[in-house]
Amino acid sequence: RIAYVNGRYVPHQSARVHVEDRGYQFSDGVYEVCEVSDGYILDRTRHLERLDRSLSELAIGWPVEREALGRIMIEVAARNRVRDGLVYVQVTRGVARRDHPFPSADTRPALVVTARSTDRAAFAAKAEEGVGVITVPDTRWDRVDIKTIGLLPNVLARQQARDAGAAEAWLVDEDGIVLEGAATNAWIVTGEGELVTRPAVSGILRGITRATAIDTAAALGLTMVERGFTVGEAKAAREAFMTSATSQVMPVVRIDGAPVANGYPGEITRQLRGAFFAHAEKIAVR
Ligand code: PLP
(Lines give C-alpha, C1' and ligand atoms only; values in the text may rest on other atoms or scores of the structure.)
Protein backbone atom coordinates (compact mmCIF):
# COMPACT_ATOMS: atom_id res chain seq x y z
CA ARG A 1 0.00 0.00 0.00
CA ILE A 2 1.01 3.57 -0.74
CA ALA A 3 0.27 6.72 1.26
CA TYR A 4 0.74 10.39 0.40
CA VAL A 5 2.51 12.38 3.13
CA ASN A 6 3.43 16.04 2.62
CA GLY A 7 4.35 15.89 -1.05
CA ARG A 8 5.63 12.31 -1.21
CA TYR A 9 4.14 8.94 -2.11
CA VAL A 10 5.60 6.49 0.39
CA PRO A 11 5.01 2.88 1.40
CA HIS A 12 2.08 2.84 3.81
CA GLN A 13 4.01 0.96 6.49
CA SER A 14 6.73 3.60 6.63
CA ALA A 15 4.44 6.65 6.32
CA ARG A 16 5.26 8.96 9.25
CA VAL A 17 4.44 12.37 10.68
CA HIS A 18 6.47 14.35 13.20
CA VAL A 19 5.86 13.94 16.97
CA GLU A 20 5.19 17.68 17.18
CA ASP A 21 2.51 17.65 14.52
CA ARG A 22 -0.37 19.62 16.04
CA GLY A 23 -2.80 16.96 14.92
CA TYR A 24 -1.00 14.50 17.17
CA GLN A 25 -0.72 16.89 20.13
CA PHE A 26 -3.93 18.94 19.98
CA SER A 27 -6.24 17.19 17.48
CA ASP A 28 -5.64 20.44 15.60
CA GLY A 29 -6.77 19.24 12.21
CA VAL A 30 -9.63 18.20 9.97
CA TYR A 31 -10.37 15.28 7.68
CA GLU A 32 -12.56 13.84 4.97
CA VAL A 33 -13.48 10.28 4.03
CA CYS A 34 -14.70 9.63 0.47
CA GLU A 35 -16.29 6.46 -0.75
CA VAL A 36 -14.88 4.67 -3.79
CA SER A 37 -17.51 2.57 -5.50
CA ASP A 38 -17.09 0.49 -8.65
CA GLY A 39 -13.95 2.41 -9.64
CA TYR A 40 -15.32 5.89 -8.96
CA ILE A 41 -14.67 8.35 -6.16
CA LEU A 42 -18.11 9.58 -5.09
CA ASP A 43 -18.96 13.22 -4.43
CA ARG A 44 -15.39 14.49 -4.42
CA THR A 45 -16.53 18.06 -5.13
CA ARG A 46 -18.80 18.11 -2.09
CA HIS A 47 -16.09 16.60 0.12
CA LEU A 48 -13.57 19.22 -1.00
CA GLU A 49 -16.13 21.97 -0.40
CA ARG A 50 -16.74 20.72 3.13
CA LEU A 51 -12.98 20.45 3.70
CA ASP A 52 -12.66 24.06 2.59
CA ARG A 53 -15.30 25.08 5.15
CA SER A 54 -13.69 23.04 7.96
CA LEU A 55 -10.29 24.59 7.21
CA SER A 56 -11.62 28.12 7.09
CA GLU A 57 -13.61 27.71 10.35
CA LEU A 58 -10.33 26.79 12.07
CA ALA A 59 -8.14 29.25 10.11
CA ILE A 60 -5.97 26.46 8.73
CA GLY A 61 -4.64 27.10 5.21
CA TRP A 62 -4.90 24.73 2.28
CA PRO A 63 -1.76 22.54 2.23
CA VAL A 64 -1.93 22.39 -1.59
CA GLU A 65 -4.33 23.86 -4.14
CA ARG A 66 -7.80 22.34 -4.05
CA GLU A 67 -7.43 20.94 -7.60
CA ALA A 68 -4.08 19.39 -6.68
CA LEU A 69 -5.63 17.64 -3.68
CA GLY A 70 -8.38 16.32 -5.95
CA ARG A 71 -5.69 14.80 -8.19
CA ILE A 72 -3.76 13.37 -5.21
CA MET A 73 -6.94 11.63 -4.02
CA ILE A 74 -7.31 9.93 -7.42
CA GLU A 75 -3.61 9.09 -7.49
CA VAL A 76 -3.62 7.46 -4.04
CA ALA A 77 -6.74 5.46 -4.87
CA ALA A 78 -5.20 4.37 -8.20
CA ARG A 79 -1.80 3.45 -6.71
CA ASN A 80 -3.61 1.26 -4.19
CA ARG A 81 -5.80 -0.25 -6.92
CA VAL A 82 -8.95 0.65 -5.01
CA ARG A 83 -12.17 -0.17 -6.90
CA ASP A 84 -14.37 -0.29 -3.80
CA GLY A 85 -13.13 1.33 -0.65
CA LEU A 86 -12.24 4.63 0.94
CA VAL A 87 -9.97 7.62 0.46
CA TYR A 88 -8.93 9.38 3.68
CA VAL A 89 -7.68 12.99 3.66
CA GLN A 90 -6.27 14.69 6.76
CA VAL A 91 -4.98 18.23 7.11
CA THR A 92 -3.41 19.47 10.34
CA ARG A 93 -2.10 22.89 11.28
CA GLY A 94 1.41 21.50 10.89
CA VAL A 95 4.53 20.91 12.96
CA ALA A 96 5.59 23.45 15.60
CA ARG A 97 6.97 23.56 19.14
CA ARG A 98 4.11 22.61 21.48
CA ASP A 99 2.21 25.77 22.46
CA HIS A 100 -1.56 26.22 22.36
CA PRO A 101 -1.92 29.39 20.22
CA PHE A 102 -1.47 29.13 16.47
CA PRO A 103 2.15 28.77 15.36
CA SER A 104 3.86 31.36 13.14
CA ALA A 105 2.19 32.08 9.83
CA ASP A 106 4.93 30.31 7.85
CA THR A 107 4.07 26.92 9.45
CA ARG A 108 3.00 24.65 6.60
CA PRO A 109 -0.25 22.70 7.11
CA ALA A 110 0.42 18.96 6.92
CA LEU A 111 -1.40 16.75 4.43
CA VAL A 112 -1.87 12.98 4.57
CA VAL A 113 -3.91 10.98 2.05
CA THR A 114 -4.46 7.23 2.30
CA ALA A 115 -6.75 4.77 0.55
CA ARG A 116 -7.84 1.23 1.19
CA SER A 117 -10.13 -1.34 -0.34
CA THR A 118 -13.22 -2.67 1.41
CA ASP A 119 -15.03 -5.95 0.91
CA ARG A 120 -17.92 -5.05 -1.39
CA ALA A 121 -19.65 -8.43 -1.06
CA ALA A 122 -19.49 -8.47 2.75
CA PHE A 123 -20.78 -4.93 2.79
CA ALA A 124 -23.70 -5.75 0.48
CA ALA A 125 -24.59 -8.72 2.70
CA LYS A 126 -24.63 -6.44 5.74
CA ALA A 127 -26.92 -4.00 3.95
CA GLU A 128 -29.28 -6.87 3.08
CA GLU A 129 -29.65 -7.68 6.77
CA GLY A 130 -29.44 -4.22 8.26
CA VAL A 131 -27.66 -3.25 11.46
CA GLY A 132 -28.48 -2.40 15.06
CA VAL A 133 -27.88 0.91 16.83
CA ILE A 134 -27.91 1.95 20.47
CA THR A 135 -28.83 5.40 21.76
CA VAL A 136 -26.43 7.32 24.03
CA PRO A 137 -26.23 10.91 25.34
CA ASP A 138 -24.27 13.30 23.13
CA THR A 139 -21.15 14.45 25.02
CA ARG A 140 -19.44 16.41 22.24
CA TRP A 141 -18.53 20.10 21.94
CA ASP A 142 -20.86 22.45 20.09
CA ARG A 143 -18.83 22.80 16.86
CA VAL A 144 -19.51 19.33 15.52
CA ASP A 145 -20.38 21.00 12.21
CA ILE A 146 -16.59 21.14 11.69
CA LYS A 147 -15.14 17.78 10.67
CA THR A 148 -12.22 17.77 13.10
CA ILE A 149 -9.99 14.83 13.98
CA GLY A 150 -10.93 15.36 17.66
CA LEU A 151 -13.16 12.28 17.80
CA LEU A 152 -12.82 10.95 21.33
CA PRO A 153 -16.56 11.15 22.23
CA ASN A 154 -17.31 9.45 18.90
CA VAL A 155 -14.73 6.75 19.62
CA LEU A 156 -16.23 6.08 23.06
CA ALA A 157 -19.78 5.98 21.67
CA ARG A 158 -18.78 3.57 18.89
CA GLN A 159 -17.03 1.31 21.37
CA GLN A 160 -20.14 1.33 23.56
CA ALA A 161 -22.12 0.28 20.48
CA ARG A 162 -19.67 -2.51 19.71
CA ASP A 163 -19.78 -3.75 23.32
CA ALA A 164 -23.58 -3.89 22.98
CA GLY A 165 -23.33 -5.85 19.71
CA ALA A 166 -24.54 -2.87 17.65
CA ALA A 167 -22.99 -1.18 14.63
CA GLU A 168 -23.54 2.45 15.60
CA ALA A 169 -24.44 4.72 18.51
CA TRP A 170 -27.08 7.37 17.91
CA LEU A 171 -26.24 10.50 19.89
CA VAL A 172 -29.19 12.04 21.69
CA ASP A 173 -29.55 15.60 23.04
CA GLU A 174 -31.16 16.69 26.37
CA ASP A 175 -34.60 16.87 24.73
CA GLY A 176 -34.41 13.25 23.59
CA ILE A 177 -33.83 14.25 19.95
CA VAL A 178 -31.59 11.97 17.90
CA LEU A 179 -28.82 14.19 16.50
CA GLU A 180 -26.75 11.78 14.40
CA GLY A 181 -24.58 8.69 14.79
CA ALA A 182 -20.99 8.63 16.03
CA ALA A 183 -19.88 8.60 12.36
CA THR A 184 -23.13 8.60 10.38
CA ASN A 185 -26.28 10.68 9.93
CA ALA A 186 -29.53 9.27 11.29
CA TRP A 187 -32.85 8.94 9.42
CA ILE A 188 -36.29 7.46 9.90
CA VAL A 189 -39.29 6.86 7.65
CA THR A 190 -42.62 7.69 9.31
CA GLY A 191 -45.83 5.69 9.07
CA GLU A 192 -46.91 8.12 6.34
CA GLY A 193 -43.80 7.24 4.30
CA GLU A 194 -42.08 10.54 4.95
CA LEU A 195 -38.28 10.63 5.25
CA VAL A 196 -37.06 12.50 8.33
CA THR A 197 -33.56 13.62 9.28
CA ARG A 198 -32.38 16.35 11.60
CA PRO A 199 -31.58 19.78 10.08
CA ALA A 200 -27.84 20.30 9.63
CA VAL A 201 -27.60 23.98 10.51
CA SER A 202 -25.73 23.13 13.72
CA GLY A 203 -25.44 20.28 16.23
CA ILE A 204 -24.54 17.68 13.60
CA LEU A 205 -22.11 17.21 10.75
CA ARG A 206 -23.53 18.12 7.36
CA GLY A 207 -22.99 14.68 5.84
CA ILE A 208 -22.11 14.43 2.17
CA THR A 209 -23.97 11.14 1.88
CA ARG A 210 -26.89 12.85 3.62
CA ALA A 211 -26.87 15.59 0.95
CA THR A 212 -26.75 13.10 -1.93
CA ALA A 213 -29.45 10.98 -0.25
CA ILE A 214 -31.63 14.12 -0.14
CA ASP A 215 -31.03 14.60 -3.89
CA THR A 216 -31.79 10.94 -4.50
CA ALA A 217 -35.02 11.09 -2.48
CA ALA A 218 -36.13 14.14 -4.48
CA ALA A 219 -35.37 12.38 -7.77
CA LEU A 220 -37.41 9.37 -6.61
CA GLY A 221 -40.32 11.66 -5.71
CA LEU A 222 -40.13 10.70 -2.01
CA THR A 223 -41.33 13.26 0.50
CA MET A 224 -38.83 14.33 3.09
CA VAL A 225 -38.64 16.80 5.92
CA GLU A 226 -35.65 18.06 7.88
CA ARG A 227 -36.68 18.07 11.53
CA GLY A 228 -35.58 16.50 14.79
CA PHE A 229 -37.11 13.17 15.79
CA THR A 230 -37.09 11.59 19.25
CA VAL A 231 -35.77 8.20 20.29
CA GLY A 232 -39.38 7.14 20.92
CA GLU A 233 -40.41 8.20 17.42
CA ALA A 234 -37.48 6.29 15.94
CA LYS A 235 -38.41 3.14 17.84
CA ALA A 236 -41.97 3.38 16.51
CA ALA A 237 -40.89 4.29 12.94
CA ARG A 238 -41.75 2.27 9.86
CA GLU A 239 -38.10 2.26 8.76
CA ALA A 240 -34.78 3.63 9.92
CA PHE A 241 -31.38 3.97 8.29
CA MET A 242 -28.08 5.80 8.52
CA THR A 243 -25.88 7.47 5.92
CA SER A 244 -22.11 7.99 5.61
CA ALA A 245 -19.32 7.59 3.10
CA THR A 246 -18.35 4.36 4.87
CA SER A 247 -21.85 2.85 5.02
CA GLN A 248 -23.67 4.68 2.17
CA VAL A 249 -27.38 4.09 2.91
CA MET A 250 -27.44 1.43 5.65
CA PRO A 251 -30.72 0.02 6.98
CA VAL A 252 -31.14 0.20 10.76
CA VAL A 253 -33.26 -2.71 11.94
CA ARG A 254 -32.77 -2.58 15.73
CA ILE A 255 -32.70 0.33 18.15
CA ASP A 256 -31.55 -0.43 21.70
CA GLY A 257 -32.14 -4.11 21.02
CA ALA A 258 -35.77 -3.74 19.86
CA PRO A 259 -36.71 -4.34 16.20
CA VAL A 260 -37.73 -1.42 13.99
CA ALA A 261 -41.11 -2.48 12.51
CA ASN A 262 -40.68 -6.14 11.50
CA GLY A 263 -36.90 -6.05 11.96
CA TYR A 264 -36.08 -6.14 8.24
CA PRO A 265 -34.72 -3.35 6.00
CA GLY A 266 -37.57 -1.14 4.81
CA GLU A 267 -38.76 -0.63 1.24
CA ILE A 268 -38.00 3.09 1.01
CA THR A 269 -34.54 2.51 2.48
CA ARG A 270 -33.88 -0.15 -0.18
CA GLN A 271 -35.11 2.16 -2.92
CA LEU A 272 -32.87 4.96 -1.73
CA ARG A 273 -29.89 2.64 -1.43
CA GLY A 274 -30.51 1.24 -4.92
CA ALA A 275 -30.68 4.68 -6.55
CA PHE A 276 -27.91 6.38 -4.58
CA PHE A 277 -24.95 5.58 -6.86
CA ALA A 278 -26.75 7.01 -9.91
CA HIS A 279 -27.21 10.35 -8.15
CA ALA A 280 -23.71 10.72 -6.70
CA GLU A 281 -20.96 12.60 -8.51
CA LYS A 282 -18.59 10.01 -9.99
CA ILE A 283 -14.94 10.56 -10.84
CA ALA A 284 -13.09 7.60 -12.32
CA VAL A 285 -10.05 6.31 -10.40
CA ARG A 286 -8.57 5.23 -13.83
N1 PLP B 1 -21.77 12.46 11.27
C2 PLP B 1 -20.54 12.29 11.79
C3 PLP B 1 -20.28 12.67 13.21
C4 PLP B 1 -19.52 11.75 11.00
O5 PLP B 1 -18.29 11.58 11.50
C6 PLP B 1 -19.80 11.37 9.66
C7 PLP B 1 -18.77 10.80 8.79
O8 PLP B 1 -17.70 10.46 9.19
C9 PLP B 1 -21.10 11.56 9.17
C10 PLP B 1 -22.06 12.13 10.01
C11 PLP B 1 -21.46 11.19 7.76
O12 PLP B 1 -20.90 12.11 6.85
P13 PLP B 1 -20.53 11.69 5.36
O14 PLP B 1 -21.80 11.28 4.70
O15 PLP B 1 -19.98 12.93 4.78
O16 PLP B 1 -19.55 10.57 5.45
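Predicted model: local features only at pLDDT ≥ 70, side-chain atom pairs only at ≥ 80, totals over all residues.
Domain 1 brings 20 residues to the contact and domain 2 brings 14, where contact asks for C-beta atoms, placed from the backbone, within 7 Å.

On the domain 1 side, strand E3 (29–37), helix H2 (44–57) and strand E5 (85–92) each give two or more residues. E3 supplies the largest share, 8 residues. By class, this side holds 6 nonpolar, 8 polar and 6 charged residues (Ala, Val, Leu, Ile, Met, Phe, Trp, Tyr, Cys and Pro count as nonpolar, Asp, Glu, Lys and Arg as charged, the others, Gly among them, as polar). Helices (H or I, at least four residues) and strands (E, at least two) are DSSP runs numbered from the N terminus.

## Strand E7 and its partners

Let's turn to E7 (residues 131–137), which runs parallel to E14 (residues 248–255) with 3 bridges; pairing takes at least two DSSP bridges. Gly132 has Arg254 as its bridge partner in E14.

E7 also pairs in the parallel sense with E8 (residues 168–172), over 5 bridges, and Pro137 sits opposite Val172 of E8.

## Around the ligand

The shell has 13 residues, of which Gly207, Ile208, Thr209, Ser244 and Ala245 come nearest (a shell residue has its C-beta atom, placed from the backbone, within 6 Å). Helix H6 (208–219) and strand E13 (239–244) each give two or more residues, and H6 has the largest share, 3 residues.

## Notes on the model

Residue numbers start from 1 along each chain as its sequence is written. Local features need pLDDT of at least 70 and side-chain atom pairs count only at pLDDT 80 or more, while totals for chains, interfaces and linings use all residues.

Methods. Contact = placed C-beta atoms within 7 Å.
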